[in-house]
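I opened this notebook to keep track of what I look up, one residue at a time. The sequence and the structure come before the entries.

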Amino acid sequence: MSIATYAELQTEVIDWSYRTDLDSRIPNFIALCESDLQVRCKLVDFESSATVTITAGVGTLPSGFSGMRSVYLDGDVTKPLKYVTPDRYDALTNESGDGIWYTITGSSIKVAQDGDGSVVMTYKARFTPLSVTNTTNVILTNYPDAYLHGTLLQLRTFTKDRQGMADELALFESAVKRIEIDNNQRKYAGASLAVQAR
C-alpha cells in the first residue's frame, strides 16, 4: 500500500471499500476524518513560534492556534507567563503583583497587567487539510493508515455498515494511539520527566 498523496488516498478508499458509487463523497469523508485528527493529533511537527503584539493587555492569537506550549514576555525568558482561567484572570487583574499570568478568550490572549509590549509563544497549530492543492502533510506521510481507516470509518458510518464501522473504528483508534505514542517519544526525545522542588 502506497498512500503519499490526496489522490492516492481517495483511490485506496475506493479499493478498500469496494464502493465505486461514492467517489464524489470521499473528499467529505476525508474532511470528517481530518476534523477528528485535528483535535487528537497535536504533533510536534505542527508546533510553531510567534511574537504577538500586546496593546492594553490584549493580543491576537496566530491563525491556526489550537493550544499554548509556552509563553513569556518578549526579552525576559526567565519569567514564563502562567495560565489562569478567564474568571481567575479577571479576579487577579484587580490585585497588585508582578502580573505574570495570561488567559485565552476566543482568538485573543490577555496578559496582566494591562500594558503594551509583546509576548513570544510556542503554540500548537492546526495542520493544513489535504486538498487538490495541498496534496500531502506530515500525518499522511508518516501515518497513512490513520487517514485510510479514519476515512473508511466515515464512509461506513454514511452507508450504515455497522460491522464495517466497528472494524474501521478499531483500526483507526489503533493508528491514532500509535501516533500519540510516537509523538510523545519525539516530543520528549526519550527523556524521563522529573519533578522539581520549588
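Where is the place of Ser-131? Working in a predicted model, I found Ser-131 in the loop between strand S7 (117–125) and helix H4 (138–142).

For its contacts I noted that the side chain of Ser-131 makes a polar contact with the side chain of Thr-133, at 3.1 Å. I also checked Ser-131 against Asn-183: the two are 52 residues apart in sequence, and their C-alpha atoms are 24 Å apart in space.

My next entries concern backbone angles. Most residues other than glycine have a negative phi, so I wrote down two residues for their phi values.

Tyr-18 is not a glycine, yet it has a positive phi of about 55 degrees. I located Tyr-18 in the loop between helix H1 (6–17) and helix H2 (26–40). Is Tyr-18 buried or exposed? Its relative accessibility is 75%, and because the limit for exposed is over 50%, Tyr-18 counts as exposed.

Ala-56, also not a glycine, has a positive phi of about 50 degrees. Its place is in the loop between strand S1 (47–54) and strand S2 (58–60).

How values were computed:
Residues are numbered from 1 along each chain as its sequence is written. This is a predicted model: local features need pLDDT of at least 70, side-chain atom pairs count only at pLDDT 80 or more; totals for chains, interfaces and linings use all residues. Side-chain values use heavy atoms; hydrogens and water are left out. Helices (H or I, at least four residues) and strands (E, at least two) are DSSP runs, numbered from the N terminus. A polar contact is a pair of N or O atoms within 3.5 Å; within protein, one must be able to donate a hydrogen and the other to accept it, and residues adjacent in sequence count only if both atoms are side-chain atoms. Buried means under 20% relative accessible area, exposed over 50%, partly exposed in between (1.4 Å probe, protein chains only).
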